Amino acid sequence: MVKVHYFFDPMCGWCYGATPLVGILAEMPEFEITYHPGGMISKQEIDRSFRQHILQADGQIAAMTKAHFGDAYKARLASSEKFVLDSYLPTQALLVGIEMGIKPHIMLKAIQTAHYQNGKALGKPEVLQALAVSLGLDEAIWKEKMAAAEFATKNWIQSSHNVMGQLQVSGYPTLIVERDGQFIRLPHSSYYGKPAEWKDYLHSLR
């Protein structure tokens, strides 16, 4: 089995664009993905000028990756209401979802879809709770595990930063194959919007 390190952040637009490629990788039994969350944003209100920058960047991401950014997300970003981004609580939800039996790429995709398509405020625990229930997870167990997972989430992110330093990773998304003590970066950006070609490329790595 080939080990792949995936460096990402749930609030990273380019990571959202890479989701179909990660999904293909995750469904190939010859690969094992280790997920390294980045903790990119710690509960920060985004001002109007930077929101425009985000919208422009999203347009570039959509053009290159064919990712769909939903109307609800765009409307929330363009509205006069507060727009708060937080990587930590969604990462905590990812951790708990995995503990409760949801495959990592499925849980991450659900979180990204809730944000980038449905415009959900993922910095609110009740929003993530509703998402968990929609995935068939037990609400009471979810609440209990989320209440206890903050420390483990911070440790997970810190561990990711340590590995990023060792492998000189400076941005998201980054995919690195580890084989026989060698670390090789995958040129995933060359395969945006090309799922068949990406799968063929991955088969060549076996």
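What follows is a short chat about this predicted model.

Reader: Ground rules before we start: what kind of model is it, and what is left out?
Author: This is a predicted model; local features need pLDDT of at least 70, side-chain atom pairs count only at pLDDT 80 or more, and totals for chains, interfaces and linings use all residues. Residues are numbered from 1 along each chain as its sequence is written, and side-chain values use heavy atoms, with hydrogens and water left out.

Reader: How many salt bridges are in the whole structure?
Author: A search finds two. A salt bridge here is a side-chain nitrogen of Lys or Arg within 4 Å of a carboxyl oxygen of Asp or Glu.

Reader: What does Glu-99 pair with?
Author: Lys-145, with the closest N and O atoms 3.9 Å apart. Glu-99 is in helix 4 (residues 88-99) and Lys-145 in helix 7 (residues 139-148), so the pair ties together parts 46 residues apart in sequence. Helices are DSSP runs of H or I, at least four residues, and strands are runs of E, at least two, numbered from the N terminus.

Reader: Are Glu-99 and Lys-145 buried, exposed or partly exposed?
Author: Glu-99 is partly exposed at 47% relative accessibility. Lys-145 is partly exposed too, at 31%. Buried means under 20% relative accessible area, exposed over 50%, and partly exposed in between (1.4 Å probe, protein chains only).

Reader: And Lys-154, what does its side chain meet?
Author: Glu-150, in a salt bridge of 3.4 Å, N to O. Both residues lie in helix 8 (residues 150-167), four residues apart, about one turn of the helix. Lys-154 is partly exposed at 44%, and Glu-150 at 45%.

Reader: Back to helix 4. How many of its residues are buried?
Author: Nine of the 12, so helix 4 is largely enclosed by the rest of the structure. Among them are Leu-89, Gln-92, Leu-95 and Gly-97.

Reader: What covers them?
Author: The cover includes strand 1 (2-8), strand 2 (31-37), helix 5 (104-116), helix 6 (125-134), helix 7 and helix 8. That rests on contact, meaning heavy atoms within 4.5 Å.

Reader: What span should helix 4 have?
Author: Its 12 residues should span 16 Å, and the end C-alpha atoms are 17 Å apart, which agrees. The expected span is 1.5 Å times one less than the number of residues. Just after the helix, Gly-101 takes a positive phi of about 105 degrees.

Reader: New topic. How many aromatic pairs?
Author: The structure holds 12. Tyr-6 and Phe-8 have ring centres 5.2 Å apart and planes at 20 degrees, so the pair is stacked. Rings of Phe, Tyr and Trp (its six-membered ring) pair if their centres lie within 6.5 Å; planes under 30 degrees apart count as stacked, over 60 as edge-to-face and the rest as tilted.

Reader: Which pair does Tyr-6 form with Tyr-35, stacked or edge-to-face?
Author: Edge-to-face, at 6.0 Å centre to centre and 75 degrees between the planes. Tyr-6 sits in strand 1 and Tyr-35 in strand 2, 29 residues apart. Both tyrosines are buried.

Reader: Which rings form a cluster?
Author: Ring pairs link Tyr-16, Phe-69, Tyr-73 and Tyr-116.

Reader: Last one: in what sense do strand 5 and strand 6 pair?
Author: Antiparallel, over four bridges, with strand 5 at residues 174-179 and strand 6 at 182-185. Pairing needs at least two DSSP bridges between the strands. Ile-176 stands opposite Arg-185. The hairpin has two residues between the strands, and Asp-180 takes a positive phi near 50 degrees.
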